[in-house]
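Please look over the sequence and the structure, then read the notes below.

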Amino acid sequence: MSSNGNSLAPVPLRLIFGAYLVISGYFKLFTCAGHDNIVYQLDQLRIPLPNVVCWGVGSIWFFGGLLLFFGMFVRWAAVLNIFSIGGHFLFALMSGQFPSGGFPAPKPPLPNTFPWTLPDYGFSLLLMGGLATLWLGGAGAFSYAARRLKRQFFLTVVAYIKPAEEAALRTILKAINDDPLENPYMQFGKDRITHFARMVILKEQDSDHGLRMIFATNYNGHLEDYVEAVANASPGLDEVWTKFEGYSPADGFLAFVRKHSVFNAVKYYGFPRATVEKVRLMEVLSRSIQAFLGLEGVSNFLLRPGVRPFLDVLSRFAGKPPWVYRLWVWFAGLGPALVAFLRSIFVPVVLRLVEAFGAVGMNYTTFSRVLNTGGDPADQLRYLAQRQELEDTYNVRDDQPRQNQMTLIAEVQPSRLLRLWLAIAAAPLVTVLSYPPGNIANVHTLHSFVFVVLDRGKHLVFMAFFDGSLENYLGDFLDKLIWGLDTFYNNCIDYPPGGMRQVDTFVRWIYERNRAPSVFYSAYPEMTVTRILRDQQVVGPLAAHFDRDGVDQWLRTL
């Protein structure tokens, strides 16, 4: 079934049918006369337990109508209403009392008009046909489902590798990583939905039952559509996944993904509503603007007063927009302003609570300083030597890449599993509600991260996509998010008693548990978080009310 997120065709059907069902269901649920009437009509149709069934009918019509109207879970709402209306239809036929095509009249003295009547045979068929169309075609444009197509989601699949297939799998993964666009197996760059992807083979000590791999991606839209897109862009899909236990080409990739996907406990998206296409187009437009500004004389002309008089005259000619438009803009700005105001009050309180919660069981008295290498030159040299040793030992030097990843797996203390789940439950207060897109605690390098709990609470996995080197990434946490990782990792075995404040021990603990990916893919490897934020500010105002036909006509007139 297609998501049909841009089609206008289902919209009138969805709105009209939704409004009809909401109004009819409201009287059945929330008015005494309507409730008594539906009980009477169901009894006339000889439907068993009419005093019980009436609540189901009213709820399906009212709440199902709301879902249809706003385009949320449209297929479920359509199926439930087909079941309800079709049930009345069948009972009316089987009763034999209404051969003329009508249903029982409303309970006297109610009039035989909307909203008291049940739909007759013809209208019932029309409703079921329209609802079936929505079930097959989806909600269309201007719906929650259409908005969901633009949202990012995480997919995390964990599967065991067949014992005899490890070497062959590593060869395949190397081919994918070396050429993600044209390799003969999985061509991530061609699905146009994947933001980031990684394939990480865990070490033997990370599992009790053999070697396994994590396949984790960021994508837009519905899981079914995404898996289909990946499969269509993967000529050697079966050759890859037959190396794993439980995969059957006959059952398909979607069945395997559903069976082996795991719950993403904590999620953060730097730009939750950005699509791959949108980010790539911003990159192209930004480069075009920079190229234009780089033309001889253009930048000097813009910086000098030459363009300002022209803009002043143009603004006087254009005049002010209509008051209705200005009022709409003012109302549209109320939401963001209110969110910013609430964040200014809410965030400091939440951060204090999170810091206090994360500090439980930590030894912050002894390890009170984040880092101190500046006083004694000998201490500084010793620190740099230790860091060099860590980088050499765990092979984490990455020559300052634009984008990078981290896959950390740690063993959870059984006695602190409940505390870990409490931290996970509270995390959305910070990751979702407390900060604007592209900025979490003034860290502008995080594209996304996710925490996953594996093996019924035995292992905690942290996966992140970020800008720059791993050392700089950890430095951002040490400077601005020192409470963040402590809140989760102090529930893990061998975590330093001073947490992130015990810098050298903390960094060693991280490096020991970091796993290098066999495949690392980014749809826009040159786009850092700060560049995306800047390009949104540059390109957004230009594209907000862009009329291509009007511009073409203007250019022809010139």
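A cavity is a set of grid points where a 1.4 Å probe fits but cannot get out, and its lining residues have an atom within 4 Å of a point. The model described here is predicted. The protein has 558 residues, of which 45% count as buried.

**Overall make-up**

- There are 22 helices and 8 strands in the protein.
- Taking contacts between residues at least 6 apart in sequence, 77% join residues at least 24 apart.

**Cavities**

- Rolling a probe the size of a water molecule over the atoms shows where empty space is left.
- Searching the whole structure gives 3 cavities of 30 Å³ or more.
- About 50 Å³ is the volume of the largest cavity.
- The lining of the largest cavity consists of Gln 152, Phe 196, Gly 270, Phe 271, Ala 274, Val 279, His 447, Tyr 524 and Ile 532.
- By type, the lining residues of the largest cavity divide into 6 nonpolar, 3 polar and no charged.

**Helices H3 and H4**

- Two packed helices are described by the angle between their axes and the distance between the axes.
- For helix H3 (residues 50–70) and helix H4 (residues 74–95), the axes come within 9 Å and cross at roughly 145°.
- The crossing of H3 and H4 is left-handed.
- On the H3 side, the contact is made by Val 57, Ile 60, Trp 61, Gly 64, Gly 65, Leu 67 and Leu 68.
- On the H4 side, Val 74, Ala 77, Ala 78, Leu 80, Asn 81, Ser 84, Ile 85 and His 88 take part.
- The residues of this contact divide into 10 nonpolar, 5 polar and no charged.

**Ser 124**

- Ser 124 lies in helix H5 (residues 121–137).
- Ser 124 counts as buried because its relative accessibility is 1%, and the cut-off for buried is under 20%.
- Setting aside neighbours within four places in sequence, Ser 124 is in contact with Ile 85, Phe 89, Phe 103 and Pro 119.
- One of these partners, Ile 85, is also among the H4 residues in the contact with H3.

**Asp 43**

- Asp 43 is found in helix H2 (residues 32–44).
- With a relative accessibility of 47%, Asp 43 counts as partly exposed, since that class lies between under 20% and over 50%.
- Asp 43 and Cys 54 are 11 residues apart along the chain, and their C-alpha atoms are separated by 9.9 Å.

Notes:
Residues are numbered from 1 along each chain as its sequence is written. This is a predicted model: local features need pLDDT of at least 70, side-chain atom pairs count only at pLDDT 80 or more; totals for chains, interfaces and linings use all residues. Side-chain values use heavy atoms; hydrogens and water are left out. Helices (H or I, at least four residues) and strands (E, at least two) are DSSP runs, numbered from the N terminus. Buried means under 20% relative accessible area, exposed over 50%, partly exposed in between (1.4 Å probe, protein chains only). On a 1 Å grid over the protein atoms alone, a cavity is a set of points where a 1.4 Å probe fits but cannot get out, and a pocket is an open set with protein on both sides within 12 Å along at least five of seven lines; lining residues have an atom within 4 Å of a point. Grid points are joined across faces, edges and corners, and a volume is the space filled by probe spheres set on the points. Ala, Val, Leu, Ile, Met, Phe, Trp, Tyr, Cys and Pro count as nonpolar, Asp, Glu, Lys and Arg as charged, and the others, Gly among them, as polar. Axes are lines fitted to C-alpha atoms, for helices over the stretch in contact, and angles run from 0 to 180 degrees between N-to-C directions. A crossing is left-handed if the near helix is turned anticlockwise from the far one by less than a right angle, and right-handed if clockwise. Contact means heavy atoms within 4.5 Å.
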